[in-house]
Amino acid sequence: MDIRFKRHTRKGSTMKIFILALTLVFLIQSGDGLRCYTCLFPTLSPMDCIKFPVKCPPKERCLYSTASGKTKNFPFILHEMSCAVNSLCGISGEKSTLGVNVTYHNVCCDTDLCNSGPGSRSSLSIALIPALLLLLS
């Protein structure tokens, strides 16, 4: 019984070290580049975006973009987050893709992780709180 307890303790310690290392990776900023959220793919809701921070190339800004349209009788709004060159910022327009007309609006910002979108105020620090609480237990 003591052997099992020691193995479990070792596993628990290894897991805590792994979580601490992962937390530090997310908290440490490498270089002076701007960090922005990016989505794996455009979503119908800003809350559905599987977002993660990325370091943007020099001279790029954080972009939050919406594109609204209607297919048959179904209206939709797509949300996207990424890094973008300045020429894509502050513009709106219309596009036709696969026979669907959409109206898009691009908004850019210049501070780390500023493009989380309207109504989505979660940040990386808040997302890491459970990991930090686990380390303290």
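User: Hey, which cysteine does a disulfide join to Cys56?
Analyst: Cys83 is the partner, with 1.9 Å from S to S. Keep in mind that this is a predicted model.

User: Remind me, what's a disulfide?
Analyst: A disulfide is a covalent bond between the sulfur atoms of two cysteines.

User: OK, and where do Cys56 and Cys83 lie?
Analyst: Cys56 is in the loop between β2 and β3, while Cys83 is in strand β4 (residues 74-85), so the bond ties together parts that are 27 residues apart in sequence.

User: Is that disulfide left-handed or right-handed?
Analyst: The torsion about the S-S bond of Cys56 and Cys83 is about -80 degrees, so this disulfide is left-handed.

User: And Cys56, buried or exposed?
Analyst: Cys56 counts as buried because its relative accessibility is 5%, and buried means under 20%.

User: How many disulfides does a search of the whole structure find?
Analyst: That search finds five. Counting bonded cysteines along the chain, the pattern is 1-5, 2-3, 4-6, 7-8, 9-10.

User: What about Cys36, what does it form with Cys62?
Analyst: Cys36 and Cys62 form a disulfide too, with their sulfur atoms 1.9 Å apart. This pair links distant parts of the chain: Cys36 sits in strand β1 (residues 35-39) and Cys62 in strand β3 (residues 60-71), 26 residues apart. The link is left-handed, with -85 degrees about the S-S bond. Both Cys36 and Cys62 are buried.

User: Which way does the Cys109 and Cys114 disulfide go, left-handed or right-handed?
Analyst: Right-handed, because the torsion about the S-S bond of Cys109 and Cys114 is about 95 degrees. Their sulfur atoms are 1.9 Å apart. As for Cys114, a relative accessibility of 25% means it counts as partly exposed.

User: Switching topic: how many aromatic pairs turn up in the whole structure?
Analyst: Zero, according to a search of the whole structure.

User: Last one: which residues make the nonpolar surface patch?
Analyst: Leu40, Phe41, Ile50 and Phe52 make a patch of about 380 Å².

User: Where's Phe52, and how does its accessibility count?
Analyst: Phe52 is in strand β2 (residues 51-55). Its relative accessibility is 34%, so Phe52 counts as partly exposed.

Notes:
Residues are numbered from 1 along each chain as its sequence is written. This is a predicted model: local features need pLDDT of at least 70, side-chain atom pairs count only at pLDDT 80 or more; totals for chains, interfaces and linings use all residues. Side-chain values use heavy atoms; hydrogens and water are left out. Patches are made of residues with over 30% relative accessible area and no salt bridge: like charges are joined within 9 Å, nonpolar side chains (Val, Leu, Ile, Met, Phe, Trp, Tyr) within 5 Å. Accessible areas come from the Shrake-Rupley method with a 1.4 Å probe; for residues, only the protein chains shown count as cover. A salt bridge is a side-chain nitrogen of Lys or Arg within 4 Å of a carboxyl oxygen of Asp or Glu. Helices (H or I, at least four residues) and strands (E, at least two) are DSSP runs, numbered from the N terminus. Buried means under 20% relative accessible area, exposed over 50%, partly exposed in between (1.4 Å probe, protein chains only). Rings of Phe, Tyr and Trp (its six-membered ring) pair if their centres lie within 6.5 Å; planes under 30 degrees apart count as stacked, over 60 as edge-to-face and the rest as tilted. A disulfide is a pair of cysteine sulfur atoms within 2.5 Å.
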